[in-house]
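Biologist: Could you take me through the aromatic pairing in this model, slowly and with the terms explained? I am new to this structure and would like to know where such a pair sits.

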Amino acid sequence: MIDREAGKRAFRDARNNDYSDSEWKPMPVEELAAELSRSHSRYVLEAFLGNGGMGAVYSARDLQSSQRVAIKVLRSDALSDEAYIHRFDREVENHRRLDHANIVRVLDAGKTNEGSRFLVMELLEGHTLAQA
C-alpha cells in the first residue's frame, strides 16, 4: 500500500533541500573510478555523461556481463542530508519495481566504501528529447 502522506512529506522535504543552486561539481571520472574500484570492481568507469539535480551520470562497463551501463551517483554535497538520501533510495526502490519497454532498467545499486551512493542502469544510446 502506498503511504501518500509520507510521499508528500518526502517530496516537500526534498524540494526544501534543493541543491540545484549550489556550486557542486561532479567527481572527475578518474577519481570516481578509483573509489568505485575499491568496493565494486565489477564496474569500470568510461566517461562522464551529464549531471542534474540529484547527481551525475557516467558510462561504464559491467565486467560480469560485458555490457555498457550508466551509473548515476548521488551528489557528494547531499550525502549528509537524510531526506536527500531517502529520496535517492526511494528512486532506486521504485525503479526496481518497474518493468516496461519504455523505462530504463535498473540493474544494481550500492554504496562505495567512501560513502558515495550509486544506481546502475542500462545505458541507452541515442538522442535527447532536446535533440529530437
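Modeller: The protein chain has three helices and five strands, where helices (H or I, at least four residues) and strands (E, at least two) are DSSP runs numbered from the N terminus. Along the sequence, these elements of the protein chain come in the order α-α-β-β-β-α-β-β. This is a predicted model, in which local features need pLDDT of at least 70 and side-chain atom pairs count only at pLDDT 80 or more, while totals for chains, interfaces and linings use all residues. Residues are numbered from 1 along each chain as its sequence is written, and side-chain values use heavy atoms, with hydrogens and water left out.

Rings of Phe, Tyr and Trp (its six-membered ring) pair if their centres lie within 6.5 Å, and planes under 30 degrees apart count as stacked, over 60 as edge-to-face and the rest as tilted. By this rule there is one aromatic pair. Phenylalanine 48 and tyrosine 58 form that pair, which is edge-to-face, with 5.6 Å centre to centre and 70° between the planes. Because phenylalanine 48 lies in strand β1 (residues 43–51) and tyrosine 58 in strand β2 (residues 55–62), the pair ties together parts that are 10 residues apart in sequence.

As for exposure, buried means under 20% relative accessible area, exposed over 50%, and partly exposed in between (1.4 Å probe, protein chains only). Phenylalanine 48 is partly exposed, with a relative accessible area of 39%, whereas tyrosine 58 is buried, with a relative accessible area of 1%. In the protein chain as a whole, 33% of the 132 residues count as buried.
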